[in-house]
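Please look over the sequence and the structure shown below before reading on.

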Amino acid sequence: MRSPKDFFRPLAVGAPEPLRQIPFRPSRMIHFFDPGNEKMAAKVPDMAGKADVLLGNLEDAIQADRKEAARNGLVRIAREVDFGDTQLWTRVNSLDSPWVLDDLLTLVTAIGDKLDVIMVPKVEGPEDIHYVDRLLAQLEARAGLTEPLLVHAILETASGVANVEEIALASPRMQGISLGPADLAASRRMKTTRVGGGHPGYLVRTDPVGDSIEDGRTTYQQDLWHYTVARMVDACVAAGILPYYGPFGDIRDVVACEDQFRNAYLLGCVGAWSLHPKQIEIARRVFSPEASEVVWARRVIEAMGDGTGAVMLDGKMQDDATVKQCQVIVALADDLAARDPELAAAYKEASA
Ligand SMILES: CC(=O)SCCNC(=O)CCNC(=O)[C@H](O)C(C)(C)COP(=O)(O)OP(=O)(O)OC[C@H]1O[C@@H](n2cnc3c(N)ncnc32)[C@H](O)[C@@H]1OP(=O)(O)O
Ligand SMILES: O=CC(=O)O
Ligand SMILES: [Mg+2]
């Protein structure tokens with residue numbers, strides 16, 4: 001392990017200084033597109049105005065014989081499209097694949113100055129991040145980049161979950177972690193055949209009533225992902241990086257998608273992936289604090305004065321801890337409003 005004194009030292013001569021803190025940039029939805037798919041590529045300029053993050057996907061969902069087309073398509077799109085303040089990310093192929101080396105060599109040297117974050121799939125432990133960290137430093141030096149590229153890990157193997165705290169702390173490049181429920185289910189040998197969301201068989205049942213074990217017993221479906229999301233949030237927050245829910249594959253079921261996203265939002269995630277244009281709006285709605293919550297949070301902060309002590313507001317006790325929760329909501333609302341004029345207007349109207 002490197003000495004803590006060396007943690008912020010560049011890993012190659014000529015590479016940019018690592019960041020000391022991960023800046024918070026709105027990333028309510030990380031919208032996936034296939035850069036080699038002409039129809040999707042054509043929608044990128046329009047989507048740049050709608051999504052917080054656009055991600056050119058090179059890994060799963062891209063056929064083996066379309067990997068090069070996707071990589072080259074991303075280079076072209078990054079050079080031609082004006083992204084404004086929308087972030088451009090990529091998901092490279094997994095570290096054990098035949099494509100990842102060319103992904104990194106090509107992308108960092110050709111469009112390293114346009115990319116904000118590189119998502120690394122199937123991360124098993126901190127050693128995977130160390131490998132990418134050093135390679136990126138070498139490539140940044142070769143490309144003459146002045147800003148370091150950031151790294152985002154997908155939590156989608158059982159080993160990755162077992163090592164999530166070390167992964168989060170593995171490099172100053174670590175920007176965040178997303179839950180990858182599809183690969184994680186396979187890695188864990190869960191008996192599901194879907195991408196994220198719940199399962200009707202994962203439930204608890206109320207106790208028997210009288211002699212019957214059949215009648216009058218209600219069942220409640222449980223959240224398959226609660227433990228992993230909660231653990232990921234703690235690992236990320238402890239390391240000063242950002243947690244995300246990943247994909248929800250039932251594109252038709254916008255209702256359950258919204259539920260899954262909201263669970264993640266309430267537990268501390270800052271965003272989720274969107275796989276289809278219609279999921280962009282769901283993520284935008286869910287990961288932006290509701291206007292009424294922002295108004296309430298501002299009332300609590302005002303009523304609490306210097307933030308210490310206890311007061312009653314609408315019959316509810318407020319103290320030093322609730323004021324901190326309210327500060328989280330207000331800080332997030334301010335950051336998002338600065339990027340999203342519609343949201344800013346909704347907040348203003350609600351507080352009038
Ligand atoms: C487990 C994981 O790793 S999840 C991450 C990997 N998976 C992905 O990235 C999947 C990304 N999404 C997709 O590939 C597609 O949305 C699919 C295959 C799920 C559905 O695609 P389609 O059947 O074409 O959906 P649909 O017919 O509703 O599309 C409507 C339009 O939106 C476009 N579109 C669909 N998805 C996207 C997208 N992610 N980005 C931009 N445009 C899209 C389609 O090209 C189509 O365009 P058109 O109107 O010009 O013909
Ligand atoms: O890559 C995402 C997943 O769920 O697997
Ligand atoms: Mg995956």
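## Two pairs of helices

Helices α12 and α13 are oblique to each other, a word used for angles that are not under 35 degrees (roughly parallel), over 145 (roughly antiparallel) or 65 to 115 (roughly perpendicular). Their axes, those of α12 (residues 320-339) and α13 (residues 341-351), come within 6 Å and cross at roughly 130°. Axes here are lines fitted to C-alpha atoms, for helices over the stretch in contact, and angles run from 0 to 180 degrees between N-to-C directions; helices are DSSP runs of H or I with at least four residues, strands are runs of E with at least two, and both are numbered from the N terminus. Where the two helices meet, A333, L336 and A337 of α12 face L343, A344 and Y347 of α13 in contact, that is, with C-beta atoms, placed from the backbone, within 7 Å. By class, this contact has 6 nonpolar, no polar and no charged residues.

The model is a predicted one, in which local features need pLDDT of at least 70 and side-chain atom pairs count only at pLDDT 80 or more, while totals for chains, interfaces and linings use all residues. Residues are numbered from 1 along each chain as its sequence is written, and chains are lettered from A and ligands numbered from 1 in the order in which they are written.

Helix α3 (residues 100-111) packs with helix α4 (residues 126-143) at an angle of about 40°, the axes being 9 Å apart, and these helices are therefore also oblique to each other. From α3 the contact takes L104, L105, V108 and T109, and from α4 it takes L135, L136, L139, E140, R142 and A143.

Leaving aside neighbours within four places in sequence, M232 is in contact with L155, V164, I177, L179 and P243.

## Positive phi values

Most residues other than glycine have a negative phi. K122, however, has a positive phi near 50° and sits in the loop between β4 (117-120) and α4. K122 is buried, with 23 other C-beta atoms within 10 Å, the cut-offs being 20 or more for buried, 12 or fewer for exposed, and partly exposed in between.

R189 likewise has a positive phi, near 60°, in the loop between α7 (181-188) and β7 (203-205). R189 counts as exposed, with 7 C-beta neighbours inside 10 Å.

Notes:
Ala, Val, Leu, Ile, Met, Phe, Trp, Tyr, Cys and Pro count as nonpolar, Asp, Glu, Lys and Arg as charged, and the others, Gly among them, as polar.
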